[in-house]
Amino acid sequence: MRNMSRRDFLQKSSLTVGAAGVLAGVPMLAGMPAASAAAADKRSKFAAPVERSAARSANGEQIVARVRDQATGEIEIFVGTRRITTTDRRLASQIADAAR
Amino acid sequence: MSSHREAPEISKDPVADSSDLYAFMSPDRPGYVTIIANYVPMQSPDGGPNFFEFGDDIHYDINIDNNGDALPEITYRFQFKTVVENPASFLYNGGPIHSLTSKNWNRRQHFSVTKVVAGSVGTVLGERLACPPCNIGPLSIPDYPSLADDAVHTLPTGETVFCGQRADGFYVDLGAIFDLANLRPFQELNVFSPFHTGAPGVQSLKALNVHSIALQVPVGELATGSTAPVIGVWTAAHRQQVRMHDSGAGSDDRVGPWVQVSRLGDPLINEVIIPMGHKDAWNRSQPVHDSNFAKYYANPELADLLPILYHAPSSKNTLFPNLEALNASGKARADLEAVLLTGIPAGLVTGFQNYTGSTQADMLRLNTSISPASSPSNLGVIGGDLAGYPNGRRVFDDVVTISLRAVAGVLYPLVDSSYTPDTAAGELTEGLTSSASDLTAMGTENYLSSFPYLGVPHSGYYTPAS
């Protein structure tokens, strides 16, 4: 995570967000808030595929994050064969807000 | 079943479902231990066009504890890679497969073997080792036994390995067991029974296949720790923690550390001993933490059921009065705890021990100093054959009958000489063997006399006739 800013992370990640043990997928489409993306999907099942820019680590591995506890800001980051736990209440809140 | 579909979550993930584990001194190769871990259970041999295979996204481990700490001092890790030669064809094979390099074989697997000694990063012992195809039928694979023989690999470091489809060697009467433990030979004695006479058992797995990971290793490579000549063996399957189903990419993403989703040491533990609410947790926990489950060994539910289910003819008297009294006493089943969690200490069975210390753990314990029997008993140690289960496990051991009798109390005198087992306890059987010397398992007679010991898989073409 040292090579990625928080802004990059939020804008580029394909995120998985969990709260109280329940996982909820959050499609983060480039330049489109999640709610808008969902609405677009409902309008037409033939909507053109949307280019996605999944977050990658420095060596090209997929990155997935899970908010384990929004209150404490505990976030698990999965990359390669590693799980990294970090604490960032502001980031956890931003992810949770994006999931609403 | 031994451990086929034995827990709610793993029953939905067959490629990671460890169904049987065997460990024995090789009868045809002195000084070598054979270990077989079976996965992908309950295969109907004609189950195409996508026939059965190992998971490319799974680590299959065979673990060895040789110092009694219930942690692996040695792990053999098997990883698989699937190759599709022609993605434009829906066929598994486009013509007869005469060799493991046949161009007619469209979807194949190969595997690597890595040996991890505790504290090391691991050494790759072999790579791109071919698995055999599934046994489709005589037109697709005219000489299956020969083709499968070609998939037995000897590694430069001395191990012999085979990974591929085999006939399931386990035998069990599933229909009877799961119908209120209605053992067919005694079905007229079950309190719920509408039957008036007994009946032969039914071998539920007679025509089913499985995928085997078979390993043969010099004993000197394994029994090197403080419990020598005894080793503890278990298998475990691991998946990466996160999997994302990606509709756009046509494939899934997997990230995160490898986590255990399935394990197996002794047969029937998660099947029968561990209660429903803890089976998934048991599969995900390590043997070193098995003291958390010890209370289920100490008072197994099945021991309570037997006296209730089986009564004497035309009587309300149970066939298991002594077991009923033992249950009522509330005493822990120290016999089962010893056999299944620590191994049998010296002094209880003349000429035998497979004790690994006080750490309680589910491992298949093998005393490698016991030579293969010249006249084996399918009842193993309780049949007077010290080379059989629970001293490791051979392919023909009748582990269901052994376990039923053990739960019914035949071993309790080992820890309490004043206890007399019920007569019925020593007569329990599923009716799948004609005697203790019957090593054919009622139609599972295609066991092999040499590695990998489990028989040639049943042919898809001849199913269900075979």
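This is a predicted model: local features need pLDDT of at least 70, side-chain atom pairs count only at pLDDT 80 or more; totals for chains, interfaces and linings use all residues.
**Entry 1: a charged pair in chain A**

I began with A:Glu76 and found that it forms a salt bridge with A:Arg68, the closest N and O atoms being 3.7 Å apart. A salt bridge here is a side-chain nitrogen of Lys or Arg within 4 Å of a carboxyl oxygen of Asp or Glu. Residues are numbered from 1 along each chain as its sequence is written, chains are lettered from A and ligands numbered from 1 in the order written, and side-chain values use heavy atoms, leaving out hydrogens and water.

Are the two partners buried or exposed? I read A:Glu76 as buried, at 7% relative accessibility, and A:Arg68 as partly exposed, at 42%. (Buried means under 20% relative accessible area, exposed over 50%, and partly exposed in between, with a 1.4 Å probe and protein chains only.)

**Entry 2: other salt bridges**

I looked up how many salt bridges the structure holds, and over all chains there are 20. One of chain A's joins A:Asp97 to A:Arg100, with the closest N and O atoms 2.5 Å apart. A:Asp97 is partly exposed at 45%, and A:Arg100 is exposed at 65%.

B:Asp416 lies in the segment after α10 and B:Lys331 in the loop between α8 and α9 of chain B, so the pair ties together parts that are 85 residues apart in sequence. (Helices, H or I with at least four residues, and strands, E with at least two, are DSSP runs numbered from the N terminus.) B:Asp416 counts as buried at 18%, and B:Lys331 as partly exposed at 45%.

**Entry 3**

Which order do the strands take? I found an open sheet of three antiparallel strands, β3-β4-β5 of chain A. (Two strands pair if DSSP finds at least two bridges between them.) β3 (63–69) and β5 (82–87) stand at the edges with a single partner strand each, so one side of each has no neighbour in the sheet.

Six bridges join β4 (residues 74–79) to β5 in chain A, and I saw A:Val79 standing opposite A:Arg82 in β5.
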